[in-house]
Every structure is written in C-alpha cells, then in structure tokens.
Amino acid sequence: MKKFLCVLLAVAMLALTFVACSKGGSTEDTTAADDTAKETLVMATNAEFPPYEYHEGDAIVGIDAEIAQAIADKLGMELKIEDVAFDSIIPGVQSKKYDMGMAGMTVNEERLKSVDFSTSYAKGVQVVIVKEDSDIKTVDDIKDKKIGVQTSTTGDIYATDDFGEDHITKYDNGAVAVQALVSGKVDCVIIDNEPAKSYVEANEGLKILETNYVEEEYAICFNKENTELRDKVNGALEELIKDGTVQKIVDKYIKA
C-alpha cells in the first residue's frame with residue numbers, strides 16, 4: 001500500500017513539473033512572437049479614385065494599394081490602409097496620425113510647403129468631362145462655365161486658379177461631381193483621366209474632351225520630420241520601379 005502511494009505521489013509530482021514547464025515554454029513562445037511582430041505602415045488614402053484606389057467588397061484595391069503593399073513587403077512591414085476624405089490626408093500626415101499619404105496625389109508647390117514627397121511613380125492627366133451635346137469643345141471654352149471638381153484635388157486647385165472661385169463647385173468625390181453634371185447642376189467636371197474613363201463608361205451621354213487640361217506626377221507624401229521613413233519607403237519604391245514591379249501593377253489596371 002505504501003509502495004502504491006509512493007508511485008501515485010511520484011506521478012503527481014511529475015505531472016505538476018510538466019504543467020509548470022509547459023507554462024514557462026508558452027511564455028517564452030509568446031515573448032518570441034512579440035519580438036518578431038511586424039512594424040505597421042499606416043497609409044491614408046481616399047478610395048474613390050479608380051483605378052488608383054477603390055473598394056472591392058470590404059477591401060481597398062487599385063494601383064496605389066498594390067504599390068504600397070509591395071513597399072511594405074520589401075521593408076518587412078505590415079500595411080494598414082485608412083480610407084479618409086481626400087482633403088484630410090495631408091493634415092493627417094502632418095499630425096502623424098498616418099505614416100504616409102497615397103491617393104493619386106500630385107506634387108505641387110502648395111503641397112510641398114506642408115509635406116515631403118517620394119520619387120514619382122506614375123503620371124496623371126487632368127481632363128474635362130462634358131455632356132455629348134455640350135457646347136464646350138475645348139479647354140478654352142470652359143471660361144465662364146459652371147465647373148465641378150473634387151475638393152482639394154489638383155483639378156480643384158488648377159481650375160480655381162484658372163477660372164476663379166465663383167465658377168467652381170466643390171464635391172466630396174468625383175462620383176458626386178459627375179452626377180451633378182448629369183443632372184445639369186454644372187457644365188463640366190475636371191478630374192483625373194483614369195477615373196474619368198470609369199465615370200463616362202458608367203454614365204450614358206457623357207464624353208471626355210480630346211484636349212488634356214493638365215499633366216502631372218503622382219507621389220507619396222510624408223511628414224517633413226519623418227525623414228527616416230521617407231527615405232526607407234523611397235528606397236523601396238525606387239527598387240520596385242527599377243525592377244519593373246511598379247509598371248506591372250500600373251499595366252494591370254491601365255491597359256495601353
């Protein structure tokens with residue numbers, strides 16, 4: 001009987017030792033997992049700008065989303081995309097709420113006062129959408145017309161400078177501006193060529209003028225103080241441009 005009790009005691013002691021070791025191992029594993037957790041790269045965008053960024057179900061996809069993911073992968077970081085109003089991207093980057101802004105964003109002198117930019121990764125063209133029976137035939141005919149734009153975009157900035165604030169109506173996104181054109185609230189819409197194609201395809205009776213309004217360069221914006229991140233991202237971006245990855249992504253969404 002005593003021998004049997006001794007065996008039971010030994011088994012119990014062994015079980016307790018095993019449990020204790022298991023808990024210790026679990027803590028070490030958790031610590032190791034924490035040590036290898038990826039740093040997050042937070043990108044602000046406005047997912048109303050196909051094919052650069054738009055919603056596909058719950059996901060944000062497009063040229064900018066894929067290039068940003070390729071940059072994050074190269075840097076060993078976890079990409080997080082925040083969908084916000086376009087005119088809140090630069091203030092959010094300035095306040096360090098977001099690490100960078102990427103939304104088909106054009107480099108211009110006004111924005112360079114507030115943020116830094118990466119190397120350009122794509123070219124954009126601002127165009128004019130009109131109704132098919134419009135008397136607007138060229139860019140020169142826009143003078144004194146009612147012009148729809150998306151707030152804080154370069155279309156907004158250039159049109160306001162060229163035609164005056166009184167002739168500009170600002171909308172939260174391009175789709176709303178185009179609907180204003182369809183309903184006759186404005187005479188034309190100035191917007192980037194690629195989303196313009198999508199809007200014209202989706203709305204019968206519209207066309208894009210053959211004459212381009214403005215040509216521009218797209219780049220990623222950063223807080224002026226965050227030079228380390230800017231240089232890291234820019235280095236990765238330049239490698240992706242050099243090895244053809246960026247062009248492949250652009251070609252996937254924009255057919256020649």
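First, a term: when I say two residues are in contact, I mean heavy atoms within 4.5 Å. This is a predicted model, so local features are taken only at pLDDT of at least 70 and side-chain atom pairs only at pLDDT 80 or more, while totals for chains, interfaces and linings use all residues. Residues are numbered from 1 along each chain as its sequence is written, and side-chain values use heavy atoms, with hydrogens and water left out.

Let me begin with Ser152. Helices and strands here are DSSP runs, helices being H or I with at least four residues and strands E with at least two, numbered from the N terminus. Ser152 sits in the loop between β9 and α5 (154–163). Not counting residues up to four places away in sequence, Ser152 touches Phe86, Asp87, Arg111 and Ile157. Buried means under 20% relative accessible area, exposed over 50%, and partly exposed in between, with a 1.4 Å probe and protein chains only. Ser152 is partly exposed because its relative accessibility is 27%. Asp172 is 20 residues from Ser152 along the chain, and their C-alpha atoms are separated by 9.2 Å.

Next, helix α5, which contains Thr160. Is Thr160 buried or exposed? Thr160 counts as buried, because its relative accessibility is 18%. A polar contact is a pair of N or O atoms within 3.5 Å; within protein, one must be able to donate a hydrogen and the other to accept it, and residues adjacent in sequence count only if both atoms are side-chain atoms. The Thr160 side chain reaches the backbone oxygen of Asp156 at 2.7 Å. Leaving aside neighbours within four places in sequence, Thr160 is in contact with Glu165, Ile168 and Lys170.

Now α6, residues 174–182. Its buried residues are Gly174, Ala177, Val178, Ala180 and Leu181. Seen down the axis of α6, they fall within an arc of 155°, so they line one face of the helix; the arc is that of the directions from the helix axis to the C-beta atoms. What do the buried residues of α6 pack against? The partners are β8 (122–131), β9 (147–150), β10 (168–171), β11, α7 (193–202) and β12 (206–208). At the N-terminal end, Asn173 caps α6, with a side-chain oxygen 3.1 Å from the backbone nitrogen of Ala175. Just after α6, Gly184 takes a positive phi of about 85°.

Strand β11, residues 188–192, holds Cys188. Cys188 is buried, with a relative accessible area of 0%. Beyond its neighbours within four places in sequence, Cys188 is in contact with several residues, including Val128, Ile136, Lys146 and Leu181. Lys145 is 43 residues from Cys188 in sequence, and the two are 7.8 Å apart in space, C-alpha to C-alpha.

Last, the strands. Two strands pair if DSSP finds at least two bridges between them. β8 and β13 pair in the antiparallel sense over five bridges, and Ala122 stands opposite Tyr218 in β13. Elsewhere, an open sheet of five strands has the order β5-β1-β6-β14-β7, with mixed pairing. β5 (78–83) and β7 (116–117) are at the edges with a single partner strand each, so one side of each has no neighbour in the sheet. Strands β1 (residues 40–45) and β6 (residues 100–101) run parallel and are joined by two bridges; Met43 has Met100 in β6 as its bridge partner.
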